[in-house]
Amino acid sequence: MTPIESWPQSAALLERARTTVGSGGLSSGLRARMQPQPLYIKHGSGAVLTDADGHDYLDYVLGWGPIILGHAHPEVTAAVTRQVRLGTGYGAAHRLEAEVAETVVDAIPGAEKVLWTNTGTEANLIALRLARSVTGRRRVAKMVGHYHGWSDPFLVGYRPDAAGDFDTAGSVGQDPGALDALDVLPFGDVDAVRGALAAREHAALFVEPVMCNSGVIPPPDGYLQELRSICTETGTTLVFDEVITGFRLAFGGAAAKYGVAPDLVVLAKALGNGLPIAAVTGAAPIVDATERGTVHAGTYNGSPLVLSGVEATLGVLHADSVYDHLEVVTSRLARGLGDALVHAGVTGHVHHVGPVLQCSLGPADASPGGFFRADQSRYDQLSAALLRRGVMVMPGGRWYVSVAHTDDQVDATVDRFADALSDLSVGA
């Protein structure tokens, strides 16, 4: 295909937004990383997005992960349309709160109760408050490279600073006191976890069961089971942050895929196919701390409009063939991208866990530290070359695949990827 050379409508819309919208005219600062420029989207259908200039893209961003069924899925659209005629919010209880919670509880090992909220960052903060409430402890442990939202208590250890240190705040303006109660541990190292929790001072251990935010790294064999054992022994609340993996890797998320029952699971993204939804689910004695003075509030919690879409999304995902299809299509994509790198003589690595794929350039590999060895500046060049060829990907190398992606679209993606590699110099 002929590469796209310019995006005048997106450029004009961004220039207008800069006068009134913060973060350089973008509602999330992360969108500014899109290369060669941020796009304005007009509409989406299935696995395709169309921008303000009329260009179509095969989409592997998928709303930064939530759009597991594809854009404008008819069943989700119909459900939300029906609900909007009945009201968008009540400030009171409604049937969907319990009905959808029952589906979540049935799917996830160890889940007994659900708290509805709106974003992954909020849900992790709720889990933190619950863990501190029921244990009476303050300290928290998390893993290097794991992301639990942008709040003060958690934005530490996600990316190294200029000196390579992970034990520093991730944002200007962050409360430095929040770091005093946090320990950052290496993912996959059972001995490090056992040593840190031995003093029985930690309210919770937070972990992405698959290290999705930094390289899509699966847990070592038996690792999650060991975390469960250590947390039980030390009275530490085990929290699986399944903002990405929940209802994406399997119907019951990573907890079901790996057969481990954490104390709490944090959900978002794929739960609602793009609607603003998140949840904390887990053991009833912990979740029910909200009935004993542990505050959990929110005007939009359990929105009937949003939960109507969640009900429809989970209904589609419950079909057995959905996850089989996701695995087959993502495997096809991973093989194709990997073969293209080899054929072009470009050093890189492609791997996936379910429908979450990592493509890294340079001396990267599928290990906890491999992501941090990748050549991110070179990948940014590749992502710009892909955008010019009608393929939209995230910065950092993580690709999402949806139920809507077809074999033909994957094959077209691989062809465009191979062509885009020609824009890069050969070698590492």
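Start by selecting the open sheet of four strands, ordered β1-β2-β3-β13 with mixed pairing; strands here are DSSP runs of E with at least two residues, helices are runs of H or I with at least four, and both are numbered from the N terminus. Two strands count as paired if DSSP finds at least two bridges between them. At the edges sit β1 (41-45) and β13 (391-392), each of which pairs on one side only. You are looking at a predicted model, in which local features need pLDDT of at least 70 and side-chain atom pairs count only at pLDDT 80 or more, while totals for chains, interfaces and linings use all residues. Residues are numbered from 1 along each chain as its sequence is written, and side-chain values use heavy atoms, leaving out hydrogens and water.

**Walk across the sheet**

Select β1 and β2 (residues 48-51): they run antiparallel and are joined by four bridges. Zoom in on S45, and you will find V48 of β2 opposite.

Now move to β13. With β3 the pairing is parallel, over two bridges, and D59 stands opposite M392 in β13.

Show α13 (residues 407-421).

**Two helix partners of α13**

Bring in α11 (residues 320-344), whose axis is 9 Å from that of α13 at an angle of about 20 degrees. The two are therefore roughly parallel; that label covers angles under 35 degrees, with over 145 roughly antiparallel, 65 to 115 roughly perpendicular and the rest oblique.

To see the contact (heavy atoms within 4.5 Å), display V329, R332, L333, G336, L337, A340, L341 and A344 in α11, which meet D407, V410, D411, T413, V414, F417, A418 and L421 in α13. By class, this contact has 11 nonpolar, two polar and three charged residues. Ala, Val, Leu, Ile, Met, Phe, Trp, Tyr, Cys and Pro count as nonpolar, Asp, Glu, Lys and Arg as charged, and the others, including Gly, as polar.

Then select α12 (residues 376-388), which packs on α13 at about 125 degrees with the axes 9 Å apart. That angle makes α12 oblique to α13, and the crossing is right-handed. Look for L382, A385 and L386 of α12 against R416, F417, A420 and L421 of α13. This contact has six nonpolar, no polar and one charged residues.

**Last stop: G274**

Finally, go to the loop between β9 (264-267) and β10 (278-282), where G274 is placed. Leaving aside residues up to four places away in sequence, G274 touches P66, I67 and K269. Although G274 and I67 are 207 residues apart along the chain, their C-alpha atoms are separated by 5.3 Å.

Technical notes: Axes are lines fitted to C-alpha atoms, for helices over the stretch in contact, and angles run from 0 to 180 degrees between N-to-C directions. A crossing is left-handed if the near helix is turned anticlockwise from the far one by less than a right angle, and right-handed if clockwise.
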